[in-house]
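Grab a pencil and open the viewer. Try each exercise yourself before you read its solution.

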Amino acid sequence: MFQKRAQKTALPPDKQPDQEAQKLADLHKKLTGYQTEQKKESPVSKKVSRFFFGRSFRNTFLITFSLVILGGYAAFFTSPFWLPYSGNYSFTPLGSSIEFADHRTLTLCRWDYSPKQNLMEVELELDNPNFDGLDQYLCDVVIRTGSGEQKGRVKTIIAQDDFFVLHIVDVPKNFTELSLRVQVNSETVTGTAKIFSNKDEIRQVAGIAAKTKSEYLKDRVLALTEEYQQQIQVLQKTNEELSAKIENIQTKNAQLEEDKKYLTDQDIEKTNQRISSNESQIKSAREQILVNESTISEYQLKIQKANEKVNDISSQIQKENQMQNQSLTEEFGSAVSSSP
């Protein structure tokens with residue numbers, strides 16, 4: 001009986017509802033309900049919408065945009081005060097010579113920096129081939145720091161003939177680059193020599209003390225002697241490498257000669273060409289060794305002469321010290337005799 005009733009209520013297969021259509025209907029109801037809820041938005045939502053699309057939002061946006069632009073300009077124009085200089089610093093190597101003012105030549109001999117003293121010492125040689133008697137020079141320095149450029153203070157320690165020693169005093173701790181300018185103290189001779197140093201490449205020393213001209217000259221000669229010794233060591237090492245190269249080539253050539261007995265006439269001809277090329281390299285290396293040996297002999301002679309000069313300067317320094325002590329003794333004795 002139950003089965004018969006079920007058969008009466010069941011629909012035939014072609015009358016069954018379409019499942020896809022049912023899903024679409026359910027989705028439509030959901031969407032319709034969502035739109036209805038959106039229409040019934042709260043007062044708070046209306047205020048938020050009115051802010052983002054109203055005059056208040058536009059004013060706030062314009063004010064914020066203006067502040068960002070002004071901040072960018074301020075950062076750009078004040079960056080030298082809080083950003084380090086990112087360019088390439090200029091540097092004049094020691095021993096460099098610069099021509100200026102009617103073929104005069106300035107040579108940078110030494111540039112030292114004592115951070116503890118905020119002091120720099122610069123040693124210069126000046127050559128005037130004109131013999132015009134205009135041998136007085138004006139020196140000034142421009143210092144670059146993180147906040148811009150400023151004038152530095154230059155004090156002349158030695159200014160005799162062609163030899164000059166300068167002190168750059170009160171150097172800022174945050175300096176990055178310096179430009180030392182030298183010109184003739186004359187209205188008729190123009191031209192300026194510029195030399196540079198910077199915080200990365202300047203030689204730092206523990207301390208700087210003013211000396212006499214003789215003492216500076218002695219130090220200069222001793223420094224040259226050390227440079228000559230270094231050059232000799234470089235040349236000697238080069239000669240050792242060239243000698244080893246010659247020995248290796250000779251060993252290779254001997255092996256090539258030994259292998260000829262296993263080669264055809266055509267291969268022997270190629271081997272002979274290779275041996276000839278190797279012999280040319282040996283000849284070139286030997287010639288270079290001779291040139292280097294000659295240069296070494298020249299440096300050794302310079303060292304000998306420099307040592308003689310150091311001895312003479314040392315004698316001169318000893319005499320100057322004696323004269324100074326004698327002068328101090330005389331002044332002290334005069335002061336004692338004149339006292340009541």
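This is a predicted model: local features need pLDDT of at least 70, side-chain atom pairs count only at pLDDT 80 or more; totals for chains, interfaces and linings use all residues.

Residues are numbered from 1 along each chain as its sequence is written, and side-chain values use heavy atoms, with hydrogens and water left out.

**Exercise 1.** Work out which strands pair with β7, and whether its residues are buried or exposed.

*Step 1.* Find β7 at residues 163–169. Strands are DSSP runs of E with at least two residues, helices are runs of H or I with at least four, and both are numbered from the N terminus.

*Step 2.* Look for partners; two strands pair if DSSP finds at least two bridges between them. β3 (residues 119–127) is joined to β7 by 6 bridges, antiparallel, with V122 opposite L166. β6 (residues 153–160) runs antiparallel to β7 too, with 7 bridges, and V154 sits opposite I168.

*Step 3.* Check the turn: β6 and β7 make a hairpin with 2 residues between them, and D161 there has a positive phi of about 55 degrees.

*Step 4.* Now the side chains. In a regular strand they alternate between the two faces of the sheet. F163, V165, H167 and V169 point one way, F164, L166 and I168 the other. In β7, 7 of 7 residues are buried (under 20% relative accessible area; exposed is over 50%, partly exposed in between; 1.4 Å probe, protein chains only).

**Exercise 2.** Describe the surroundings of T225.

*Step 1.* T225 lies in helix α5 (residues 213–259).

*Step 2.* T225 counts as buried because its relative accessibility is 10%.

*Step 3.* Skipping neighbours within four places in sequence, T225 contacts I303, A306 and N307 (heavy atoms within 4.5 Å).

*Step 4.* Q300 is 75 residues away along the chain, yet its C-alpha is 9.4 Å from that of T225.
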